[in-house]
Amino acid sequence: MDRLAFLLATGLARGAIFALFALSLVLIWRAARIINFAQGAMALVATYLAFAVTGLTGSYAAGLAAGILGGAAVGFVVERGLMRHAPHSSPLSGIIVAIGLVMVLQSLLGIFFGPQYRPMTAPFDETPIFVGDVPLLSPYDLFVLVAALAVMGGLALLFTRTSLGLQLRASAFAPEVSRLLGVRVDRMVTIGWMLSAAVAALAAMLLIPTELGLNPHSTDILFVYAFTVAVVGGLDSPVGALLGGLVVGVVMSLVTGYLGSTVAPIGVLVLLVAVLLVKPGGIFSMRQARTA
Amino acid sequence: MTGRRVPRLLPGLTGTRRVLVTAVVLTVLALGGTFLLDPFRNFQLATAAAYLCAVAGLTLLIGLSGQLSLGHAALMAAGGYGYALTSNALTDAGLDGLPRFLASLVAAVVIACLLGLLLGLAAARLRGPYLAGLTLALVIALPAITSVWSPVFRGDQGLQTAYNPVPTALERLIAVEQWQAWVAILVASVVVTALTIVRRGTLGLRMRAVRDDETAARLNGVPARSVKVAAFTVSAAAAGAGGAVLCFITQSVSPGGYTLAFSLLLVVAAIVGGLGSIGGAVIGSMVIVVLPWLLGAGTAALDLPAELEQRLSGNLAVLVFGALLIAVMLLRPDGLAGLAGAWRRRRARRGGSALPRAATTPPAAADSLDPAGVADTSGHSRTIPIER
């Protein structure tokens, strides 16, 4: 019973990170109708920046801030420099350009920083706090949960309560009408990419200290799991990303805890297949009109 | 095989028969070509031929039916494991030589086919990004699958298969590497010919219809879902044959050989060569075998510091491939095969001497009047019209 409680609690903390990363995928999907397969690699660039800044200044907060700003900058460069010029004739071309970008970014990181794992230290203790006799969350897990929920809350406020959020939503759903009404749709798409890349960078920076360490491939698995989360939740739905993240986090934690860490990727695959077969557009997807 | 130069040589041949004759001629040329190469080059050629099976299947899937698979490495692995398991079982049963190879090859294709059918059934319900993600998860889960069922797949270590010597009749004539290249070329030519016939036939036409407008295709009575499933299954069978050949060449199969990076490499080959074009698949699989080797030789010749060279060794090729992928997608979505076509057209427009028939009819019209050429010109996923 103790073990179950512990696994559930850590699963929630891990799930919050998946949810955050999945949310970043949902942000781009809503803004540009692209699944950004390069999201993990872009977040990794920002994480290396954060690592360097923390190493130079000795301050975790400075590194975190630099990473988030760096993530936004990477999003800006990628959208303006690359994605905007991808041909729109086929829905696949955006995905393929993103895959090329993954290869370029990962190999550049490998050339500049080498293949070795760099330890990224967490700013808080990672030993779990005991509640009674039951080990639950570590202070770092708590920090992750609070940070993830705060960012999600902030994004919800941005999208529902501000004029910028209204413009972002409008240009995502009806670009032509929005343009007629004076919304700068191109600028909104760029802002969507910057927001999304910054959120992804934050998620990567929160996960990497608890996982293996910093390496040109550390976000591969994060991307796959977050993609699963986004699909399970429905690519259009931020609420789906949040709930999906928590579900996948808990499922993974339970599978890892009871069946071993090698089984976890199979668990994810099974979950993905099961959800897609029952609801091809994800659990929280909107109803689609009949096509034929 | 898409070339319009062939009718000049054999103007009487059309349709499937022309494809078959072309295939035989090209295969004989390739087999003869192995005598000009040293053992290492022959090994590279055999590897390229194995990749060609998978790339040709993938180019058909992406280019014609518009479904992106990032999991063709896993389908190749299914073929490789199917080949190795059958081959080992038959070795235990006392069988060897050609019967063992053929039976193992058939088993490999059947197993890859079944996996492809399962994936295709899921794919028929999914749109682009969802399918790409599902196949991506399959590749990521591959090492976990082999280690969970390690009594069968033997985990990271993988399976070893028995050595296939050169047949005694040919022993004096050719070396092992050349024999392997021969087998690889023969399998690849059968696979590629079959795919070419599918591409030109009804299924190919239906795949294009579904890719371009699924609703319109359905309204015209095309069973869109079955077409998508069929496309995935055919493509998986080709990848399975490629995996079997690769296992035949290296005598082993392990999850380390079928990583996500390898899957992406197959996508690079399909796209750089030219989506939907079989000739493009040939170019693409040559590129992904030769380019890393050229880059490795290049950096070795530069006499760089040891650490830098080590960092460049794996990464430089990936960097170049990624950049190529982006460049092709942004600048020439029809790939290198499209480049060759554009060059042919420009020559035809300038002088007309390249195409003798151009003297009487304008080259574009001659192309579209050629009954066999119709399928060719509309077959490529040339999203950007080149004839302006």
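Reader: Which residue forms a salt bridge with A:Arg33?
Author: A salt bridge here is a side-chain nitrogen of Lys or Arg within 4 Å of a carboxyl oxygen of Asp or Glu. In this predicted model, local features need pLDDT of at least 70, side-chain atom pairs count only at pLDDT 80 or more, and totals for chains, interfaces and linings use all residues. Residues are numbered from 1 along each chain as written, chains are lettered from A and ligands numbered from 1 in written order, and side-chain values use heavy atoms, without hydrogens and water. The closest N and O atoms are 3.0 Å apart, and the partner of A:Arg33 is A:Asp236.

Reader: How many residues apart in sequence are the parts that this pair ties together?
Author: A:Arg33 sits in the loop between α1 (2–32) and α2 (39–57) of chain A. A:Asp236 sits in the loop between α9 (219–233) and α10 (238–259) of chain A, so the parts tied together are 203 residues apart. Helices are DSSP runs (H or I, at least four residues), numbered from the N terminus.

Reader: Is A:Asp236 buried or exposed?
Author: Buried means under 20% relative accessible area, exposed over 50%, partly exposed in between (1.4 Å probe, protein chains only). A:Arg33, at 42%, is partly exposed. A:Asp236 has 18% relative accessibility, so A:Asp236 is buried.

Reader: What separates A:Glu176 and A:Arg179 in helix α7?
Author: Their side chains meet in a salt bridge at 3.3 Å, N to O. They are three residues apart in helix α7 of chain A, so the separation is about one helical turn.

Notes:
Helix = DSSP H or I, 4+ residues; strand = E, 2+ residues; numbered from the N terminus.
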